[in-house]
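Let's read a protein structure together, one feature at a time. Keep the picture in view as you follow the questions and answers.

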Amino acid sequence: MAHVKAEILLDVKNLTKYYPIKGNFFGKSKEVIKAVDGVSFQVKKGETFSIVGESGCGKSTTGMSLLRLTDATSGEIVFDQKNVLEMKKYEMQEYRKNIQVIFQDPYSSLNPKHSIKKILSEPFVINQTLSKTELEEKIISLLRLVGLDIHHLHRYPHEFSGGQRQRIGIARALALNPQIIVCDEPVSALDVSIQSQILNLLKSLQQKLGLTLIFISHDLSVVEHISDRIAVMYLGKIVETGTREEIFNNPQHPYTKALLSSVPIADPKQKKMKHRINIEGDIPSAKNPPKGCAFYSRCPVKMDKCNEVIPELRKVSPNHQALCHLI
Ligand code: ADP
Ligand code: MG
């Protein structure tokens, strides 16, 4: 658990990412998809900061912007007193060593023609000059760290199970001792039994190495045990943010309440069934976001005002904020 006054590692201010929509026969379209629409949050050293919300709400685009794998439209991402979005090439090289990523499907990011040895050598070959023995030692210690058999060095990605491939992905991400790992739906493609193995591995690596995790998931039950703080996203905006306890025990935004009510109860002793709130309708298009509150069309407790006025982020408690007129 991160300390209350832990160092802020990433300070994200008013981040936006608009995707232009292709024009038609008559020329360029001025319309955009507001994939990320003014998102602000801080990530503290050593914590797990989770971003949750339904598919399409802008979680991956936020993650990709932090990694600068996509160029944000506007905003600021401060790391080590510098704005990542304005870093020069040599500064980016240093930053990239510090922030790594693991994806939902490691298979698509592991070259099928390369052995595990080759895959895990790549970060070192690009960044460092190591002797053959030093390189081999590094790779073996990485495999041990993620719980893979060192005799698997000469095997290829297709020879591994999904869980093992995710371990290879994690080993590669750890190669250059990053401070931050963005985990984008890292267990969503795995069987439930394997999911907890990978989550436990990430948690123990975090403790061992002092890692900071930014954990992206569409599933609140996945982030329940790993998160220190959680941001709930809806249609490109953070609608609620708070400590794990605040989000799970005292949710304020109707969207968070609905998401939570659909999380299965893990404790079989807890007999009382939760009242399930169904969210009706689809998410509005990020192309034509609503005039007032983004959640208006699906909100079970909406008022007239909500259709007209965009709510501001309100403080529920010092560690808890929500974007709703009812707070
Ligand atoms: P999530 O990860 O929460 O499922 P994404 O960040 O992938 O959401 O997508 C957010 C929105 O941006 C969606 O409406 C999606 O269709 C759109 N989007 C994502 N990537 C692109 C792209 N490369 N070009 C155009 N639109 C995109
Ligand atoms: Mg995604």
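**Reading the features one by one**

Q: What relative accessible area does Glu136 have, and how is that classed?
A: Glu136 has a relative accessible area of 34%, which makes it partly exposed. The general idea is a scale: buried is under 20% relative accessible area, exposed is over 50%, and partly exposed sits in between (1.4 Å probe, protein chains only).

Q: Before we go on, what sort of model is this?
A: It's a predicted model, where local features need pLDDT of at least 70 and side-chain atom pairs count only at pLDDT 80 or more, while totals for chains, interfaces and linings use all residues. Residues are numbered from 1 along each chain as its sequence is written, chains are lettered from A and ligands numbered from 1 in the order in which they are written, and side-chain values use heavy atoms, with hydrogens and water left out.

Q: How do I read a salt bridge, and how many does the structure hold?
A: Side chains of opposite charge can pair when their charged atoms come close. We call it a salt bridge when a side-chain nitrogen of Lys or Arg is within 4 Å of a carboxyl oxygen of Asp or Glu. The structure holds 8 of them.

Q: Which residue does Glu136 pair with?
A: Its partner is Lys117, at 2.9 Å from N to O. Lys117 belongs to helix H4 (residues 116-127) and Glu136 to helix H5 (residues 132-145), so the pair links distant parts of the chain, 19 residues apart. Helices here are DSSP runs (H or I, at least four residues), strands are too (E, at least two), and both are numbered from the N terminus. Lys117 is partly exposed, with a relative accessible area of 23%.

Q: What about the salt bridge of Glu47?
A: Glu47 pairs with Arg229, and their closest N and O atoms are 2.8 Å apart. Glu47 lies in the loop between strand S2 (32-44) and strand S3 (48-52), and Arg229 in strand S9 (residues 229-234), so this pair ties together parts that are 182 residues apart in sequence. Glu47 counts as buried at 1% relative accessibility, and Arg229 is buried too, at 16%.

Q: What does Ser50 touch?
A: Contact means heavy atoms within 4.5 Å. Leaving aside neighbours within four places in sequence, Ser50 is in contact with residues including Phe215, Arg229 and Ala231. Ser50 is in strand S3 and is buried, at 0% relative accessibility. Its side chain also makes a polar contact with the side chain of Ser227 (2.7 Å). A polar contact is a pair of N or O atoms within 3.5 Å; within protein, one must be able to donate a hydrogen and the other to accept it, and residues adjacent in sequence count only if both atoms are side-chain atoms.

Q: How do helix H6 and helix H7 pack?
A: H6 (residues 162-174) and H7 (residues 192-209) pack at about 20°, with axes 10 Å apart. That makes H6 roughly parallel to H7. Under 35 degrees is roughly parallel, over 145 roughly antiparallel, 65 to 115 roughly perpendicular, and the rest oblique. Among the residues that meet are Ile170 and Leu174 in H6, and Leu201 and Leu205 in H7.

Terms used. Axes are lines fitted to C-alpha atoms, for helices over the stretch in contact, and angles run from 0 to 180 degrees between N-to-C directions.
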